[in-house]
Amino acid sequence: MDPIAPISLDAIRTARSRIHRSAVRTPLLPLPPASSEASRGGAGGRTPRIWLKLECLQPIGSFKIRGAAKALAMATEDQLRRGVYTASAGNMAQGVAFAARRRRLPCRVIVPESAPRTKVESIRRLGGTVVPLPFDEWWRVLEEHGHPEEEGLFVHPVSDPAVIAGNGTVGLEIIEELPDVAAALAPYGGGGLSCGIASALKAHRPEIRVLAAEVETAAPFAASLQAGRPASVERIPTFVDGIGGASVLEEMWPLARDLLDGSIVESIDDVCAAILRLARDVKVVAEGAGGAAVSAALRYAAEVDGPVVAVVSGGNIDTDVLATILEGGRP
């Protein structure tokens, strides 16, 4: 697979015009300071300004609807003749199933056997057929861009310029509503969201910093930055299913390396604390990947002079996991 080429601002603007009937413009809201932060004052004697881009409020509960809608909008009738399929832990699956249902197309979704029950049930409600595989086999579908036993158009959840351009519309909305944004933190699963956002933001102001948020149980982008090449890691499965892959995809590495300004790796405890804080202070439900971005923003905000945006990428979390977190436990 050839490296993914840079995504232009024109491509992202075109994506917005093609997805506006599927994806909504999500709110950008300030995170209320905790009492300890207000008393501390943050860097320079003031409270860091953190904003939340609430992609958890999309129709499918995730930003993935943007890239999925753009990918299907770009496909020809001949490509769609036998339907579509994707490989996803749950959110891209819902995005592709949602877009396919609107076009009355059959949709099959290859999921890891560990996919959260909430996401699997949502895929089925949207009309998608679920095909579970062991994680290593599922990850191989991402690396090989398809499965030999499936037919139809394969929509890659990450390494597709149309998908990345669709994701980049998140960045357009951020810069339009918060022109003085200094930094953005986005969850890093495969790089499609963070690279899309970085493409949009840096096209407006190259000095804006865009960082990946990862989790300690599997942080392949941080490992790749340290190694100077795409790296694989030993992963520990957790409820944080939207990020924490086994490696950085080879074709995404040059784009991510050139666009992103680093990785902030969060602990599971800090992710849980961020999810609890969002529920308590903002009345928003976030899944693990979105919690990682908020946790990373809380850590990073004191290092920059200006507003910091945390992308709450999705809200599709199993109810029993959420209940445990709200009770102060660790799933």
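A residue is called buried when its relative accessible area is under 20%, and exposed when that area is over 50%. The model described here is predicted. By that cut-off, Tyr-188 and Phe-221 are both buried.

**Aromatic residues**

The structure contains 6 aromatic pairs. A pair of aromatic rings is described by the distance of the centres and the angle of the planes. Two of the pairs are set out below.

| Pair | Distance between centres | Angle between planes | Arrangement |
|---|---|---|---|
| Trp-138 and Trp-139 | 6.1 Å | 55 degrees | tilted |
| Tyr-188 and Phe-221 | 4.7 Å | 15 degrees | stacked |

Because Tyr-188 lies in the loop between β7 and α8 while Phe-221 belongs to helix α9, their pair ties together parts that are 33 residues apart in sequence. Trp-138 counts as buried, with a relative accessibility of 7%, and Trp-139 counts as buried at 8%. Together with Phe-135, these two tryptophans form one aromatic cluster. The charged end of Arg-235 sits over the ring of Phe-135, 3.7 Å from the centre of that ring.

**The sheet**

An open sheet is formed by 6 strands in the order β1-β2-β10-β7-β8-β9, with mixed pairing. Strands β1 (28-30) and β9 (263-266) stand at the edges; each has a single partner strand, so one side of each is left without a neighbour in the sheet. From one strand to the next, the twist averages 30 degrees. Strands β7 (residues 183-187) and β10 (residues 308-312) run parallel and are joined by 3 bridges. Within this pairing, Ala-184 has Val-309 of β10 as its bridge partner. Helix α8 (residues 192-204) packs on the sheet and touches β7, β8 (209-215) and β10. The direction of α8 makes about 160 degrees with that of β7.

**The cores and an exposed loop residue**

In soluble globular proteins, nonpolar side chains tend to be buried together. The largest nonpolar core here has 52 residues, and those with the most contacts inside it include Trp-138, Leu-201 and Phe-221. A second, separate core of 39 residues includes Leu-52, Val-284, Val-312 and Ile-325. Beyond its neighbours within four places in sequence, Leu-201 is in contact with residues including Ile-174, Ala-184 and Val-210.

Is Ser-232, by contrast, buried or exposed? Its relative accessible area is 62%, so Ser-232 is exposed. Ser-232 is found in the loop between α9 (220-227) and α10 (253-259). Leaving aside neighbours within four places in sequence, Ser-232 is in contact with Ala-246 and Ser-247.

Methods
Residues are numbered from 1 along each chain as its sequence is written. This is a predicted model: local features need pLDDT of at least 70, side-chain atom pairs count only at pLDDT 80 or more; totals for chains, interfaces and linings use all residues. Side-chain values use heavy atoms; hydrogens and water are left out. A nonpolar core is a set of buried Ala, Val, Leu, Ile, Met, Phe, Trp, Tyr and Cys residues joined through side-chain atoms within 4.5 Å. Buried means under 20% relative accessible area, exposed over 50%, partly exposed in between (1.4 Å probe, protein chains only). Contact means heavy atoms within 4.5 Å. Two strands pair if DSSP finds at least two bridges between them. Helices (H or I, at least four residues) and strands (E, at least two) are DSSP runs, numbered from the N terminus. Axes are lines fitted to C-alpha atoms, for helices over the stretch in contact, and angles run from 0 to 180 degrees between N-to-C directions. Rings of Phe, Tyr and Trp (its six-membered ring) pair if their centres lie within 6.5 Å; planes under 30 degrees apart count as stacked, over 60 as edge-to-face and the rest as tilted. A charge sits over a ring if NZ of Lys or CZ of Arg is within 6 Å of the ring centre and within 35 degrees of the ring normal.
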